[in-house]
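Hello,

Here is the structure I promised to pass on to you. Please open it next to this email and follow along as you read.

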Amino acid sequence: MQQVNHDSEVRKLVSACIRNDAKAQRTLYEHYYKKMYVVALRYSKTTFEAEDILQEAFIKIFQNIQNFHFESSLDYWVKRIVVNTALKQNRKILEKMHMEDVAEIHDEPIADVVFAAHNFQELLKMIQKLSTGYQVIFNLYAIEGYKHSEIAEMLGISEGTSKSQYARAKVQIQKMLEKEEEKIRINQTA
Amino acid sequence: MKPQNKNIEDLFRSAFEDASLEPPHKEEMWAHIQNAVQKPPVSIWKTTRFRVSSIAASIALLIGLLYYFNQESVTTSAKKDDVKHTASPSVENRTLSDEQITAKENSAIGNSNELKTQINKTENKEGLGSDKNVSIKSKRTKQNFNDIFQDEFENENELNVLIENIDNPTTPKQQEALTKTYLEIKEIISLASPQIVIPFALDKQPILQLVRVEPVLFEAKKEEKAENEWWVGFTGFYNHYKPTIITTSPDLPTSLIKFSTMRNFTDCTNVAKAIRDDIQVSPSITVGIDIGKLVGKNWFFKSGISFTNFRYSFNSPILEKPSASSAQTNIIRYENYVTNTTSQILIPIQFGYQSFSKSKLLDWFVAGGFTSDILLNNILNTTYSEVTYNFGNYKSLNISMTGSAGLLYHVTPQFSTLLELNYRRTTSSVYDSPNLTSQPHWIGVGLGARFKF
């Protein structure tokens with residue numbers, strides 16, 4: 001991966017990309033594509049979808065890079081575009097998804113388990129097994145760190161709905177983690 | 001609960017913090033990105049600057065033509081007025097002083113007024129006007145020729161004598177009286193009706209050879225079916241628009257669409273079917289100004305500039321086939337609504353025929369010709385962004401055949417309203433594409449107004 005860390009280097013790179021310099025664009029792409037591919041995978045069900053998101057996102061990045069004014073880090077700006085592109089790709093499904101109200105949620109008691117560290121690819125598979133609505137909200141809240149009010153605004157849903165969807169997603173993830181740990185224990189015992 | 005929740009969030013955040021993975025189609029993705037970002041150079045004909053310049057030049061040309069022909073029409077009418085004044089001297093001319101008459105005489109030498117001016121001079125010097133006691137009054141308001149004639153000669157006998165003298169002049173005095181009579185009669189005729197043309201030959205006759213001539217009444221030229229008449233107008237049309245798309249490519253329908261992604265889409269057999277059976281059109285509006293000129297008794301030429309917009313849409317669902325590695329099992333159907341919106345500037349050139357009814361209230365016209373359709377904007381929107389339609393480029397300039405027929409209602413001689421039916425169809429496909437052709441047509445009903453000048 002090419003390193004683009006120094007602030008002045010970043011500025012030079014952005015300026016060159018604004019001038020539509022193909023070499024600079026390639027450098028930017030090389031710097032981010034692997035990390036952003038994982039981000040895209042978290043919001044997708046398949047590698048095809050993730051590649052679609054990534055491709056679309058990079059097109060947007062290069063077409064709108066003149067709007068990047070260094071008010072945040074380039075890493076954050078690029079990631080934000082990837083996430084927004086993923087949300088747009090899933091918007092149709094999200095719109096059709098039946099969102100339950102928070103009042104309907106009855107949280108089931110979950111055993112107090114401390115989970116061992118897992119490989120990100122194992123966790124990725126778990127996220128991809130969630131339904132699209134749960135997947136998106138789990139990503140936004142648990143990993144990106146958005147608040148429920150922000151998620152509600154981004155997706156055009158109520159804050160309560162965001163909370164309820166996240167609660168259900170978390171329950172499913174915990175069950176998957178428990179199963180995974182159970183398997184590990186059985187393997188270790190055997 | 002809470003520490004556990006935090007554990008889950010921490011677990012995921014830390015796991016994905018620096019996670020990276022090599023995508024399987026890295027280079028293909030880069031090629032797609034480069035294709036989208038590094039756009040090919042745009043032909044000058046397709047640039048916005050060229051389109052705006054074309055429109056500005058067209059408007060400037062129209063305004064220039066309008067100004068030029070307006071100036072020409074003013075000059076022509078001024079010349080006509082000069083001729084009219086020369087042919088029928090007014091009462092006021094009769095009262096000019098000697099100096100003025102002399103000046104007039106000098107300038108008139110060699111033209112047809114020479115004789116009249118000399119007569120005038122003689123008459124004034126010798127005071128014949130007062131001797132004969134024939135008073136000339138301005139009777140511009142009188143419309144009846146006979147009334148005026150009788151009013152001017154208060155004594156009927158005097159009139160009879162004068163007329164008799166025309167037939168049989170015997171003495172010099174009678175000849176002088178005859179001169180007076182001739183001029184008086186001519187003046188009266190011109191007062192009674194300026195549209196009566198005094199025969200040229202009468203002016204040229206030597207006094208002694210004058211004979212009694214019945215005033216010749218030429219049919220007053222009707223409100224001039226002026227051969228140089230111009231008009232400007234504005235019109236607004238409500239059009240029915242039909243894109244008439246025909247798919248031509250042998251490997252349709254897949255050549256009609258391009259996937260910007262590597263998704264495993266099935267053949268989109270719905271595209272051609274939707275284009276053929278499911279096209280929805282929106283009403284189109286055209287507004288513009290036109291300028292026209294009569295180039296014969298009834299024939300006219302017209303041009304102008306108009307703005308129009310139109311839109312069609314259809315739904316061609318995209319089907320996504322699940323891949324072997326995919327978690328999905330069923331084909332996903334994406335409803336994909338495609339909308340094509342176009343706006344153009346039209347510059348028509350038409351030749352036509354117009355009636356001139358006796359009532360001067362209602363006339364009809366028919367016209368036909370060609371229109372230059374200059375593209376302003378053509379946007380194809382899809383609800384599903386991963387698929388683009390390979391319709392080719394909408395041409396910057398198209399030529400249409402156009403025909404129109406309408407009715408004119410003349411509110412005043414200068415101002416008319418009109419009702420017009422218009423048909424327009426492009427002479428060739430508006431798309432530059434090997435996959436399809438589209439020769440749209442428009443049927444419009446319009447209202448407008450015209451100002452003659």
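Predicted model: local features only at pLDDT ≥ 70, side-chain atom pairs only at ≥ 80, totals over all residues.

Residues are numbered from 1 along each chain as its sequence is written, and chains are lettered from A and ligands numbered from 1 in the order in which they are written.

**The barrel in chain B**

The secondary structure of chain B comes to twelve helices and 16 strands. Helices (H or I, at least four residues) and strands (E, at least two) are DSSP runs, numbered from the N terminus. Eight of the strands in chain B close into a barrel, in the order 1-4-5-8-9-12-13-16, with antiparallel pairing. Neighbouring strands of this sheet are turned by 20 degrees against each other on average, direction ignored. For that angle, axes are lines fitted to C-alpha atoms (for helices over the stretch in contact), and angles run from 0 to 180 degrees between N-to-C directions.

Strand 1 (residues 230–242) of chain B pairs with strand 4 (residues 280–294) of chain B in the antiparallel sense over ten bridges. In this pair, Trp230(B) stands opposite Lys293(B). Strand 4 of chain B also pairs with strand 5 (residues 299–315) of chain B, in the antiparallel sense and over 13 bridges. Here Ser282(B) has Arg311(B) in strand 5 as its bridge partner, and a hairpin joins the two strands through four residues.

Further along, strand 9 (residues 362–382) of chain B and strand 12 (residues 397–410) of chain B pair in the antiparallel sense over 13 bridges. Strand 12 of chain B pairs with strand 13 (residues 415–426) of chain B as well, in the antiparallel sense over eleven bridges, and a hairpin of four residues joins strands 12 and 13.

**A loop residue in chain B**

Where is Phe265(B)? Phe265(B) lies in the loop between strand 3 (257–259) and helix 12 (269–277) of chain B. A residue is buried if 20 or more other C-beta atoms lie within 10 Å of its own, exposed if 12 or fewer, and partly exposed in between, with C-beta atoms placed from the backbone. Phe265(B) is partly exposed because it has 19 other C-beta atoms within 10 Å. Leaving out residues up to four places away in sequence, Phe265(B) touches Phe259(B), Ile318(B), Leu319(B), Glu320(B) and Lys321(B); such a contact needs C-beta atoms, placed from the backbone, that lie within 7 Å. Phe265(B) and Lys321(B) are 56 residues apart in sequence, yet 5.5 Å apart in space, C-alpha to C-alpha.

**The core in chain A**

A nonpolar core is a set of buried Ala, Val, Leu, Ile, Met, Phe, Trp, Tyr and Cys residues joined through C-beta atoms within 7 Å. The largest one has 53 residues, and those with the most contacts inside it include Met36(A), Leu54(A) and Phe138(A). Helix 2 (residues 22–42) of chain A gives the most to this core, with eleven residues. Domain 1 (7–96) and domain 2 (102–189) of chain A both give residues to the core, so it lies between them; the domain bounds come from an automatic or database domain assignment. A second, separate core of 17 residues includes Ile245(B), Leu256(B), Ile275(B) and Ile318(B).

Finally, take a look at helix 6 (residues 132–143) of chain A. Helix 6 has twelve residues and reaches 16 Å from its first C-alpha to its last, close to the 16 Å expected at 1.5 Å a residue; the expected span is 1.5 Å times one less than the number of residues. Ten of its twelve residues are buried, among them Ile137(A) and Phe138(A). Helix 6 of chain A is followed by Gly145(A), whose phi is positive, near 85 degrees.

Conventions: Pairing = 2+ DSSP bridges. Contact = placed C-beta atoms within 7 Å.
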